[in-house]
Structure formats: structure tokens, C-alpha cells
Amino acid sequence: NGRGLLKGKKVLITAGGTREAIDPVRYIGNYSSGKMGYAIARAALREGAMVHLISTNPPLPHPEGADMEYVSSAVEMKQAVDRQYDTSDVVVMAAAVADYRPAAVADQKIKKETMTSPDLKLTLNPDILLGLGERKQNQVLVGFAAETNDVIAHGREKLVRKNLDLLVANDVSSPESGFHVDENQVSLLTPDGHVSSYPRMAKEDIGTLIIEKIASIMK
Ligand code: C5P
């Protein structure tokens, strides 16, 4: 029951936390549930958008009408995002992308008996969103910043450095908002310096808020 705010627009959304393989049975991950990205996908669909959702979380219910793609690691997510970028009008990077991955992935399960040292060597992952910002054409580019302190200042820095049109700054310091739960507390930052801070509310409603903000930016 939207107002057709994004009718005919292609919206690319990423959701969930990436998993960085150590060996065939182990990975490094994070606590992202994917709920925020899925709520944004549903809000975009209600406004008539064509939604391509790149997700790491198969257990969440598939938003009806979204074109789904499942990935696991940051490198896979980057390949999937890059394939869709040029044809997208809006990109929302709601995924929690791991900053590092194991430098080498073992083909066989690592046995504790054969491990000479428990040190895990890591290597830096590509920053997907930074790359999108560098080669932005007409896309509206939206990023997230999950912070525990100085939320607005860190968000502002990311908005500028990654060349974004909207940054959703997310306070994850409280157990009632942020990771895994159904509520969140966000501020929306735009390049004109404007900050809109909202009280803690349902992620579903924040999804609507973000999509309405994106629609107003596109006008
Ligand atoms: O720099 P930071 O990780 O806090 O930035 C968060 C934003 O950047 C999120 O929108 C996230 O999806 C995106 N990101 C990314 N690739 C990374 C790390 C973060 O696209 N390797």
C-alpha cells in the first residue's frame, strides 16, 4: 500500500553478515541478522521498485517479489554487487561486510593436532561501497555505519569518504537496538550536512523511513 514512490526504479540491496571461510567447516562471521536490509527491501517493493536483494541469510523469509541472490563471503558479495551496479538506480549497502578474511582457506578441515600455531593470518577485504562511490554515475548510494560511540561524527566521515548520498548511522551500543533485534535507533545523514535523528523504532518502520528519504533525494 505504497504511493508508487519508486515505480520503475531498480533498487539493489545487500543484507546480512558475510562469512569468511577458514576451512570447509569453519568461518569468521559477525552478528548481523539481515533484518534491516530485508525491511528496506519490503519497503522498496511496496513503493513499486524492482528489488535485487543480495543476502547472506537464507533463513529469513524471501520478500515477495524480490529477485534473490545468496552469497557468503565479502569477495562473493563484491562480485554480485558489481554485476548489478550499472543497471541500478539505488544501492543500499545494509550488509555487515567483514573487514578481513583468512589469508588462506584450507581445503581440508584443520586438525588441532596438526596445527603448529593457532595464529590465523588475515588479509584485508575490498571495501565494496568505497568502490561504488568511486565510480558512481547517477545511482543514489546509501551506506550504513554501526557505531558504539560518536555515531554522528563517524557517520559523517563515512558519508564523505565513500561518496554517499545517504548514510544511516546506527547506534549498536544498546542491547535494545541494532544487531539481531527487531528495533533500531538511527540517524539519517545527507551531504548537505543535515542530520535527522529518530527514536528507537521497529526496523520495518525504519525501512519505510529510509525508502521515503531515498525517494525524496531522487526527486
Ligand atoms: O567502514 P564501515 O565498515 O563502517 O562502513 C560501513 C558501510 O560500508 C556499510 O554500508 C557496509 O555495507 C559497507 N562496507 C562495504 N565493504 C566493506 C566494509 C563495509 O561495502 N568491506
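A polar contact is a pair of N or O atoms within 3.5 Å; within protein, one must be able to donate a hydrogen and the other to accept it, and residues adjacent in sequence count only if both atoms are side-chain atoms. The model is predicted, so local features need pLDDT of at least 70 and side-chain atom pairs count only at pLDDT 80 or more, while totals for chains, interfaces and linings use all residues. Residues are numbered from 1 along each chain as its sequence is written, and side-chain values use heavy atoms, with hydrogens and water left out.

**Asp23**
- Asp23 belongs to strand E2 (residues 20-23); strands are DSSP runs of at least two residues, and helices (H or I) of at least four, numbered from the N terminus.
- The side chains of Asp23 and Arg26 are joined by a polar contact of 2.4 Å.
- A polar side-chain atom of Asp23 also lies 2.9 Å from the backbone nitrogen of Val25.
- Asp23 is buried, with a relative accessible area of 4% (buried means under 20%, with a 1.4 Å probe and protein chains only).

**Ligand**
- A nitrogen atom of the ligand is 2.9 Å from a polar backbone atom of Pro126.
- An oxygen atom of the ligand lies 2.9 Å from a backbone N or O atom of Leu129.
- For Phe144, a backbone N or O atom lies 2.9 Å from an oxygen atom of the ligand.
- Helix H3 (128-134) and strand E9 (140-147) are the elements that give two or more residues to the shell around the ligand.

How values were computed. Buried < 20%, exposed > 50% of the residue type's maximum accessible area, 1.4 Å probe, protein only.
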